[in-house]
Amino acid sequence: MSREVTLKINGKEVKATEGMTILQAAKNNGIEIPTLCYNEQLKPYGACRICTVEITKGRRKRLVVACVYPVEEGLEVETENERVRKVRKMILELLLPLSNKGPIKDLAEKYGVTKSRFEAEPTDCILCGLCVRYCAEVKKANAICFVGRGTKKQIAFVPEIAPNICPTCRECYSLCPASRVIDLGESIYSLSIPISEKIKKS
Amino acid sequence: MGKTVKKIKSPSELRKLRREILKKRDPKKPVITVCVSTGCSALGAGKVVEALKKEIKKRKLERKVEVKETGCLGFCELGPRLIVYPKEIPYFKVKPEDVPEIISKTVIGKKVVERLLYVDPVTGKKARKLEEIPFYKHQLRLLLGNNARIDPKKIEDYIALGGYRALAKALFRMTPEQVIEEIKKSNLRGRGGGGFPTGRKWETTRNAPGEPKYVLVNCDEGDPGAFMDRSLMEGNPHSVLEGLIIGAYAIGAHEGFIYVREEYPMAVENITTAIKQAEEYGLLGENIMGSGFSFKVKVHRGAGAFVSGESSALMTAIEGKVGEPRPKYIHTAVKGLWEKPSCLNNVETWANVPLIILKGADWFRSIGTKNSPGTKIFSLVGKVNNTGLVEVPMGITLRDLIYKIGGGIRSGKKFKAVQTGGPSGGFIPEKYLDLPIDFDELTKVGSMMGSGGVIVMDEDTCIVDVTRYYIDFLSEESCGKCVPCREGLKQTLNILNRICAGLGKEEDLKTLEDLSELLREASLCALGTTAANPIMTSLNYFREEYEAHIREKRCPAKVCSALIAYYIQPEKCQACMICSRNCPVNAISGERDIVHVINQEKCIKCGICYEVCPFGAVEKISPPTPPPPQYGVKVIRKKK
């Protein structure tokens with residue numbers, strides 16, 4: 001049923017199926033686009049913006065996130081040009097004070113972000129929501145959730161649900177880009193305390 | 001109450017109903033309309049209505065005089081206001097004790113109560129009609145005009161003024177395609193801020209695959225100081241509802257939602273009443289006016305998040321989830337509410353629809369500018385003489401809006417900037433005051449139309465401090481989902497706080513620019529991308545103010561408390577002790593005949609001394625380095 005479309009990624013002609021995202025099409029063709037909040041098992045979330053790429057449609061160029069944008073016939077995609085790199089560097093500079101571990105550390109090295117102009121509480125959590133979304137979409141348990149909004153957004157375990165499920169499940173541990181959930185899970189007795197409170201305590 | 005009304009089954013029955021309503025009304029009968037919208041109510045309009053009713057009862061005039069509670073008329077700071085018909089005499093700042101005089105002099109004696117009239121501060125002339133007041137003279141009140149004539153809780157008032165005729169025309173004399181064509185031809189653009197062509201949005205929704213389709217009203221007006229949508233919903237809810245039903249017919253939707261923020265209880269109440277009454281008359285619900293078209297609508301009350309005004313967030317909220325934006329590479333017109341084609345328009349956009357259907361696209365395009373036809377409602381606030389709600393044709397210059405309608409800057413101060421489009425709009429400096437207001441022109445100078453907030457700032461406003469205020473607002477109201485907006489705004493706010501505290505660094509300006517660029521380039525929704533506007537425009541047009549804060553530790557507008565000091569000028573001080581008595585931290589020393597001195601170490605810069613000094617002896621100085629204190633200086637007495 002799905003039609004095949006041809007698009008250009010970094011100048012190279014690439015075939016993809018309608019309904020695919022740029023990220024999937026790139027991956028299938030061995031073109032790497034960095035991701036942080038993306039996971040194949042989950043619905044695209046488009047929050048970390050690290051997979052930002054530049055597309056050209058007609059004469060118009062714009063930045064989109066590869067994990068959400070659907071492929072189209074004749075679309076031209078640039079995954080590593082100056083404009084894209086600038087955005088990624090800036091995002092990494094903002095994330096670095098929060099966490100300097102795992103994929104964030106690797107990406108920062110790759111893009112030459114050695115130090116950040118910013119200061120922040122090193123919570124290790126970048127609110128990518130992988131744990132929250134995995135628990136909701138795959139496990140359908142909703143044991144972990146976002147609380148608050150804006151710059152005060154945090155992640156917390158749901159006290160009524162988590163103690164019964166989390167100690168035996170632990171499936172989200174491996175998803176966390178900074179292995180932050182492990183620290184959390186180990187102190188599961190205080191599940192209802194938001195992460196940053198916990199950091200202040202420790 | 002409780003009366004059953006006959007359902008209208010054809011356009012001729014609507015005409016008949018209108019004739020009947022009009023027949024019962026004597027055009028010569030005195031009617032007193034009192035604005036009871038939020039502004040006037042806060043100023044005591046309720047008590048005025050009570051007094052009117054009591055007085056009328058006392059004089060046994062119940063059958064001869066009618067009191068009507070209406071919506072907002074715009075000139076809010078002069079409320080409570082009322083208009084006495086048939087002569088349409090407007091009275092301002094009315095108090096309950098003025099009521100007997102109004103009844104005896106104006107209603108019975110047909111004379112004017114001179115002291116309640118508006119006096120033009122420039123010419124000294126009294127206005128006997130609204131149109132004689134400069135604030136109104138330069139307006140074109142197509143949408144707001146009826147607010148003064150309608151009791152929003154009575155559908156009959158709306159019908160009497162020709163309400164629902166546009167719906168009848170659309171349903172019986174036009175195909176859905178023709179309705180869309182007419183709206184497209186009118187070039188009506190979304191009044192919620194984006195300025196997207198409404199007709200094209202309707203067409204996309206109509207042609208998008210998938211059923212059912214939805215139509216939605218966005219009344220999540222969250223900009224500080226803005227109340228355009230509120231006033232329409234409170235004052236003339238049927239105009240919005242009629243527009244929505246016409247849109248539903250054109251798009252092929254049978255279900256609609258009206259999203260109203262919880263903070264607008266009167267808007268919720270009035271639109272709910274409007275829906276109920278329209279249903280009773282058969283103007284909404286099954287088989288509308290016998291046309292075969294059915295449409296139902298629900299009111300959804302918002303839970304108080306600014307970001308829910310964003311279309312995808314609003315739809316997510318209606319679905320019962322947390323109001324967070326979704327990436328919209330596929331428009332909500334194609335995949336919106338419950339992934340179905342959904343057409344969301346702002347309150348004001350919908351209210352324009354009946355006018356266009358009734359009077360035609362050509363008429364609409366004759367108003368305003370080529371690319372932004374029609375009128376626009378603005379809430380004009382800040383340091384202007386006349387604040388309130390104004391409706392003007394697009395293309396009016398900022399200067400006319402601020403000086404002709406707004407009456408210029410308060411207390412003879414100097415204009416500094418005007419901020420359009422709410423917290424994520426930009427600051428526009430004096431050199432662009434002759435800019436015609438339309439969607440594209442405002443964008444060109446780095447600001448935007450937004451939903452129509454206009455905040456005027458004078459020389460006493462610190463641009464850095466106001467930018468900080470807006471970024472603080474936006475970082476509170478951001479949903480926190482994407483990194484550029486959440487972390488970017490957090491860091492922007494940190495830097496602005498630092499600059500205002502006198503701790504700014506030279507490189508901060510470059511960092512602010514980098515952050516703005518990231519916000520604009522990479523944020524998920526418009527809250528983030530437009531958050532760059534206040535930062536960029538303030539940096540572009542008022543860079544020297546930032547530099548003064550950073551390099552000289554000086555706040556030119558003398559606002560940022562860390563960068564100012566209060567100082568008593570020895571030659572002006574009359575040693576009256578008022579300041580020292582009022583100082584909450586006892587930082588002022590002084591005695592009879594001896595010039596008072598502020599102890600800078602104790603001073604908390606609350607500014608009370610500055611406010612209370614009757615001689616203007618206390619001044620603000622920036623940078624905060626007053627001359628060394630000299631105790632015991634003798635007062636120089638002023639000659640009386």
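Biologist: Leaving aside its neighbours within four places in sequence, with which residues is Ala66(A) in contact?

Modeller: A contact requires that the C-beta atoms of two residues, placed from the backbone, lie within 7 Å. By that rule, and beyond four places in sequence, Ala66(A) is in contact with Thr21(A), Ile22(A), Leu23(A), Ala26(A), Ile33(A), Cys51(A) and Val53(A). Please note that this is a predicted model, in which local features need pLDDT of at least 70 and side-chain atom pairs count only at pLDDT 80 or more, while totals for chains, interfaces and linings use all residues. Residues are numbered from 1 along each chain as its sequence is written, and chains are lettered from A and ligands numbered from 1 in the order in which they are written.

Biologist: Which residues touch the most other members of the largest nonpolar core?

Modeller: Such a core is a set of buried Ala, Val, Leu, Ile, Met, Phe, Trp, Tyr and Cys residues joined through C-beta atoms within 7 Å. A residue is buried if 20 or more other C-beta atoms lie within 10 Å of its own, exposed if 12 or fewer, and partly exposed in between, with C-beta atoms placed from the backbone. The largest core has 239 residues, and Ala66(A), Ile245(B), Ile246(B) and Leu401(B) touch the most other members. Helix H11 of chain B, residues 237-251, gives the most to this core, namely 9 residues. A second, separate core of 16 residues includes Tyr567(B), Cys573(B), Cys579(B) and Cys613(B).

Biologist: How many helices and strands does chain A have?

Modeller: Helices (H or I, at least four residues) and strands (E, at least two) are DSSP runs, numbered from the N terminus. Chain A has 7 helices and 7 strands. Of its 202 residues, 41% are buried. Residues 24 or more positions apart account for 54% of the chain A contacts with a separation of 6 or more.

Biologist: In what order do the strands of the 5-stranded sheet of chain A stand?

Modeller: Strands of a sheet pair through backbone hydrogen bonds, either parallel or antiparallel. Here, two strands pair if DSSP finds at least two bridges between them. The open sheet of chain A has the order E2-E1-E5-E3-E4, with mixed pairing. Strand E2 (12-17) and E4 of chain A are the edge strands, each pairing on one side only. Angles, from 0 to 180 degrees, are taken between N-to-C directions, with axes as lines fitted to C-alpha atoms, for helices over the stretch in contact. The twist averages 35° from one strand to the next. Strand E1 (4-9) and strand E5 (76-78) of chain A run parallel, joined by 2 bridges; the partner of Ile9(A) in E5(A) is Val77(A). H2(A) packs on this sheet, touching strand E3 (52-57), E4 and E5 of chain A, and its direction makes about 150° with that of E3(A).

Biologist: How many residues does each chain bring to the contact between chain A and chain B?

Modeller: Chain A brings 23 residues and chain B brings 25. On the side of chain A, strand E4 (60-65) and helix H2 (82-95) each supply at least two residues. H2(A) gives the most, with 5 residues. Ala, Val, Leu, Ile, Met, Phe, Trp, Tyr, Cys and Pro count as nonpolar, Asp, Glu, Lys and Arg as charged, and the others, Gly among them, as polar. By these classes, the chain A side has 15 nonpolar, 4 polar and 4 charged residues.

Biologist: Why is helix H14 of chain B described as largely enclosed?

Modeller: Helix H14 of chain B, residues 347-359, is largely enclosed by the rest of the structure because 11 of its 13 residues are buried. Among them are Trp350(B), Asn352(B) and Pro354(B). Just after H14(B), Gly360(B) takes a positive phi of about 95°.

Biologist: Which way do the residues of strand E10 of chain B point?

Modeller: In a regular strand the side chains alternate between the two faces of the sheet. From E10(B), Ser342(B), Leu344(B) and Asn346(B) point one way and Cys343(B) and Asn345(B) the other. As 5 of the 5 residues of E10(B), residues 342-346, are buried, this strand is largely enclosed by the rest of the structure. Strand E7 (214-219) of chain B runs parallel to E10(B), with 5 bridges joining them, and Asn218(B) has Asn346(B) as its bridge partner.
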